[in-house]
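Subject: Handover of a structure and its geometric analysis

Dear colleague,

Please find the structure below for your records.

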Amino acid sequence: METERIYTSSDRSSKIIAWIIIVIFFLIYYAVMAMLAPAKKMKALKSEYGYRQDENNPVDERIFTDSTYLDFLREKSFLQSRVTMAATDSICLSISLPDSTLNLEICGVTVHRAQIRRINVSTVFSGGNNYVILSMLSNPFTISKNFSSIEKEPLMIKMAPRDTSEYVPDIIPDTADYEPVNFIMEMDNGIRLHIYQEDKLKPGDGLYRSLFNIYHSLRYAAKTFVRIITFRIPDYQPYIKLRIPRSDAKIIYRALPEKGQIALSM
Amino acid sequence: MDEMKIPDDGARPDNARIPADQSLYRKIVDNKKVSEVLHKVFNWLLVLVIIASLLAFFMYGVAALQEIPLTGKTIITNTEELKKDALYKKKITLIKRDIQRLSWRYNSYTSGQSYMVINTTDNLFYLYRNKKLIRQGHCSTGSFKMLKTEEGRSWVFKTPKGKFWIHGKTENPPWRRPDWSFIEEGLPIPPQDHYSRWEYGVLGDYALSLGDGYLIHGTIYKRFLGMPVTHGCVRLNDNDLEAIFNTLNIGSKVYIF
């Protein structure tokens, strides 16, 4: 009996060690695959927006490391993007991170301006190839998906009365009705724009934002997991996280169309 | 036997020196059932910690790993030699010209004429002349109510968003009640040219048409200004309406968001 027990115990511990090794190898594989994603994204961006030497019009590539040129390029890209948006009849958003402002624009007219209180961006934007990033920003992004804590159009359904006896006059809308405003907009080029309300107007606001973030982190983690376990490099989605006053966040989310356009300056 | 008892007696003072919680610990450890339960609890806790750590790794660890700075970062050189280069100067001149052209084009979108901006989320309006804000105040916009009938007809009472322009201006406008106005109150729908469709004085002194039946007009329900209560039109108080009527012309732009 004694011998058998010793044998079982060592068998169990060797099984545990084997599992630990498998898990560690899986985690290493997972981490490596995940870390390959930003490089893959940057490579794709380079091939799309990187500079291609023109034999007839050669350019000294040192110009792409010159701050004067890059400042002009930044200005040009943002303007170009806004002009493109202005040509549409739609409501658009322009984000200027250097000025910490968000502008709602309709046909080039700024109809609402909001101040950004906090900015957090992916390292791709701050630590990537400036020329490639600025070239990418010369075109507005199109929103492909919205995830929000509030409704875009808060529709209330009212059934028509059959006759005057059933008619009830409309009640005054409850203007004190309160919902925290946090939303994420996914762009067609894979960029994610997170906008959170900065002000904590009610005790649960911080907790609500954390839960909103946990839910969406889980969603992205699940997408990444599925890709990695099927031996594919996951899609890297660079993010821009902004905190603005609640009233501005609500106005911006409600004003932008489902497939609205966004111009960005970094 | 006595000799045997001596160490036992001697052991008592030693035991007495053990703190109460330690002896309790021994009792718990010696108790087989309690020990098994503790062992199970510990195992479950360990499993939970492992799952939580894995979740944290997948949710936050991976995201953090992806944000490790890339190697392709642009290092600003600003070489003086390059700045003297003719090609560099040409490139800078070209990009400056592009910026000027784009700035001019972008600024041309903002009209120097009078225009109005309506914020439907907060029910506010802003009136501009020569690109300067000259008046602002409360208004009422669409209630976002959907009226449905048993026959399957439906109307959504929302103010449209985007760029509009003033199609027409009317003084002392009458209101021609649409079908939904009767349906909403449970009244039978009269024929299109019936006198009961016409109401006077409910739209205030002026109305400015935005097209598709949407109007900027006055109201008799002034206490609702600043609230989303309309069927899609924009309601204003009398003074604001008069100022807007006198400032905006046919063709003036109205931006609604």
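The lining of the second largest pocket comprises 12 nonpolar, eight polar and eight charged residues, where Ala, Val, Leu, Ile, Met, Phe, Trp, Tyr, Cys and Pro count as nonpolar, Asp, Glu, Lys and Arg as charged, and the others, Gly among them, as polar. This pocket has a volume of about 650 Å³. Of its 28 lining residues, A:Arg192, A:Tyr220, A:Thr224, A:Gln237 and B:Gln66 are the closest to its centre. At least two lining residues each are supplied by helix H1 (2–49), strand E8 (192–197), helix H5 (205–229) and strand E9 (239–244) of chain A, and by helix H3 (32–66) of chain B. H5(A) gives the largest share, eight residues.

The terms are as follows. On a 1 Å grid over the protein atoms alone, a pocket is an open set of points with protein on both sides within 12 Å along at least five of seven lines, a cavity is a set where a 1.4 Å probe fits but cannot get out, and lining residues have an atom within 4 Å of a point. Grid points are joined across faces, edges and corners, and a volume is the space filled by probe spheres set on the points. Helices (H or I, at least four residues) and strands (E, at least two) are DSSP runs, numbered from the N terminus.

This is a predicted model, in which local features need pLDDT of at least 70 and side-chain atom pairs count only at pLDDT 80 or more, while totals for chains, interfaces and linings use all residues; side-chain values use heavy atoms, with hydrogens and water left out. Residues are numbered from 1 along each chain as its sequence is written, and chains are lettered from A and ligands numbered from 1 in the order in which they are written.

Cavities

The search of the whole structure gave two cavities of 30 Å³ or more. The largest cavity holds about 120 Å³ of space, and among its 12 lining residues A:Pro58, A:Val59, B:Leu87, B:Tyr88 and B:Lys91 are the closest to its centre. Helix H5 (residues 86–109) of chain B contributes the largest share of this lining, five residues. By class, the lining of the largest cavity has seven nonpolar, one polar and four charged residues.

The second largest cavity contains about 30 Å³ of space. Its lining consists of A:Arg82, A:Met85, A:Ala86, A:Ser90, A:Cys92, A:Glu105, A:Ile106, A:Cys107 and A:Gly108. H2 and E2 of chain A are the elements that give two or more residues to this lining, and H2(A) has the largest share with three. These lining residues divide into five nonpolar, two polar and two charged.

Interface

Chain A brings 82 residues and chain B 69 residues to the contact, which means heavy atoms within 4.5 Å. About 6,800 Å² is buried between chain A and chain B, with carbon and sulfur atoms giving 67%; buried area is the accessible area (1.4 Å probe) that two parts lose on being put together, summed over both. In chain A, A:Arg62, A:Phe72 and A:Val83 lose the most area to chain B, together 8% of what that side buries.

Sheets

In chain A, nine strands form an open sheet with mixed pairing, in the order E3-E2-E1-E10-E5-E7-E8-E9-E4; two strands pair if DSSP finds at least two bridges between them. Strand E3 (109–115) and strand E4 (118–121) of chain A are the edge strands, each pairing on one side only. Strand E2 (residues 101–106) of chain A pairs with E3(A) in the antiparallel sense over six bridges, and A:Leu104 has A:His112 in E3(A) as its bridge partner. Helix H2 (residues 67–86) of chain A lies across strand E1 (91–96), E2, E3 and strand E10 (261–265) of chain A, at about 165° to E10(A). Axes are lines fitted to C-alpha atoms, for helices over the stretch in contact, and angles run from 0 to 180 degrees between N-to-C directions.

Chain B has an open sheet of four strands in the order E7-E10-E11-E12, with mixed pairing. Strand E7 (168–171) and strand E12 (234–235) of chain B stand at the edges with a single partner strand each, so one side of each is left without a neighbour in the sheet. Strand E11 (residues 214–217) of chain B runs parallel to E12(B), joined by two bridges, and B:Ile216 stands opposite B:Val234 in E12(B).

Yours sincerely
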